[in-house]
Amino acid sequence: MLSILDLFRVGIGPSSSHTVGPIRIANRFMANLTSAGGTPARIEVELQGSLALTGAGHATPKAVMLGLLGFEPETLDPDAADRDVAALEASRELPLASGTSIPFDPARDIVFAYDVLPALHPNGMRMRAFDADGATVADETWYSTGGGFIATERQLQRPVEDDLLPVGPSVPHPFGSAADLLAICAATGSGIADIILTNEDAMRPRAETEAALDRIADVMLACIERGLSREGVLPGGLKVRRRAPDLWKKLQNDPQSNEREQLFDWLNVYAMAVNEENANGGQVVTAPTNGAAGIIPAVIRHYCADTEDKTGRLRRFLLTAGGIGLLYKQRASISGAEMGCQGEVGVACSMAAAGLAAVWGASPQQVCNAAEIGMEHNLGLTCDPVGGLVQIPCIERNAIGAVKAANAARLALHSTNQTHVSLDQVIETMRQTGMDMSSKYKETSQGGLAVNVIEC
């Protein structure tokens with residue numbers, strides 16, 4: 001079993017697959033070179049598939065440089081990262097762990113291979129190192145598989161039957177489907193959050209898990225606060241102005257409005273605050289991706305953060321949402337380059353609906369119903385970012401997803417039995433829909449809004 005802490009990771013914007021993943025890949029490649037000994041004379045990075053087609057708008061070249069410089073997404077200081085990248089671009093000299101440096105020109109040594117469409121996964125990244133004579137000393141192909149996860153070529157080439165072998169530590173309650181999870185809940189009399197927490201206990205002491213969950217919630221809420229106060233225009237050329245601060249001011253001036261629809265505004269402003277921060281390259285939590293990072297924080301901010309039992313609510317929410325997220329990661333994909341935006345915003349909406357239902361006292365079956373409803377009405381959602389930037393339609397899409405999640409949880413509370421469509425069925429439908437979807441609508445900016453909206 002994967003850990004839910006593999007899904008909720010602290011990183012930087014604007015993309016978990018195009019920014020966080022490439023940082024990890026480049027960092028891992030450099031670590032492998034160091035452990036192998038020797039000093040390369042040149043390094044070349046080839047971005048393939050979606051990493052090439054929308055890499056410029058997703059800050060992938062900067063991510064590559066951060067990884068080569070030894071940064072990790074969870075721990076990097078944004079100011080130090082910007083300073084070191086600027087120094088690398090100016091000097092065109094890459095410092096190595098040995099204390100020496102080698103020539104590295106980002107314009108020459110980061111190659112956008114637009115014509116290479118990898119068969120194993122759309123987000124391919126080939127890393128090569130050469131000696132002084134030009135001979136290859138290392139040649140590795142990696143893939144950024146969504147949500148900050150990375151995999152080697154060999155890992156993705158593993159025969160399908162190997163997927164049935166145990167991965168990671170054994171846990172008391174392994175499950176491979178929602179049906180399995182519900183059966184475990186029924187047999188133990190426990191809720192989904194309790195089952196997930198017990199599994200996490202097999203991976204680390206409970207105090208560490210709870211501390212990690214608290215930090216995840218803190219980073220999410222801090223991201224909202226930054227996004228509510230920072231004004232201006234987002235980078236990238238689309239001239240998208242931050243809207244969350246103005247909407248926040250309006251809500252603050254009239255917080256007790258009797259207008260029922262104001263609920264939408266509260267969820268909208270929190271979600272947009274996060275995704276405007278993400279678009280600006282700020283610190284966010286992959287939930288389960290950066291492109292969908294605003295949905296879960298918006299829902300927990302509105303329904304969990306201002307209550308007396310705040311800590312318990314936040315932990316229950318994240319444990320439940322994380323458990324649902326594991327089902328999508330294990331049975332389908334959370335990569336926009338594989339599934340379209342249904343694999344990002346759709347999955348985040350499903351996770352948030354489940355978490356909120358659990359906080360509201362839903363049974364395990366109702367939690368799964370909420371998750372199913374959250375995804376069912378995001379099926380077929382395309383990923384077609386204008387200009388390759390995580391701005392249009394991504395920011396508004398998170399706001400809509402947060403509202404959908406709350407409504408899905410409400411609908412689920414009015415049901416007691418399994419809905420006509422099960423969570424397992426909707427996850428499989430999402431997977432099949434993603435496989436059938438044209439690559440134009442899967443984070444390549446070659447179709448949809450990306451080609452029908454004229455950039456100014």
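In this predicted model, the protein chain is built from 19 helices and 9 strands. Its radius of gyration is 22 Å, close to the 23 Å that the globule rule gives for 456 residues, so the chain is as compact as a globular protein of that length.

**Overall dimensions and packing**

- Taken along the principal axes, the box filled by the C-alpha atoms of the protein chain is roughly 70 × 55 × 45 Å.
- Of the 456 residues in the protein chain, 56% are buried.
- Among the contacts in the protein chain with a separation of 6 or more, 76% are between residues 24 or more positions apart.

**Surface and charge**

- The protein chain has an accessible surface of about 18700 Å², and carbon and sulfur atoms contribute 50% of that surface.

**Lysine 329**

- Lysine 329 lies in helix 13, which covers residues 310–331.
- Although lysine 329 is buried, it has no salt bridge; the nearest side chain of opposite charge belongs to glutamate 338, at 6.8 Å, whereas a salt bridge is counted within 4 Å.
- Leaving aside residues up to four places away in sequence, lysine 329 touches Leu2, Leu7, Thr145, Gly146, Phe149 and Ile334.

Methods: Residues numbered from 1 in each chain as written. Predicted model: local features only at pLDDT ≥ 70, side-chain atom pairs only at ≥ 80, totals over all residues. Heavy atoms only, no water. Helix = DSSP H or I, 4+ residues; strand = E, 2+ residues; numbered from the N terminus. Rg over C-alpha atoms; globule rule 2.2 N^0.38 Å. Buried < 20%, exposed > 50% of the residue type's maximum accessible area, 1.4 Å probe, protein only. Contact = heavy atoms within 4.5 Å. Areas by Shrake-Rupley, 256 points an atom, 1.4 Å probe, with all protein chains shown as cover. Lys, Arg positive; Asp, Glu negative; His and termini not counted.
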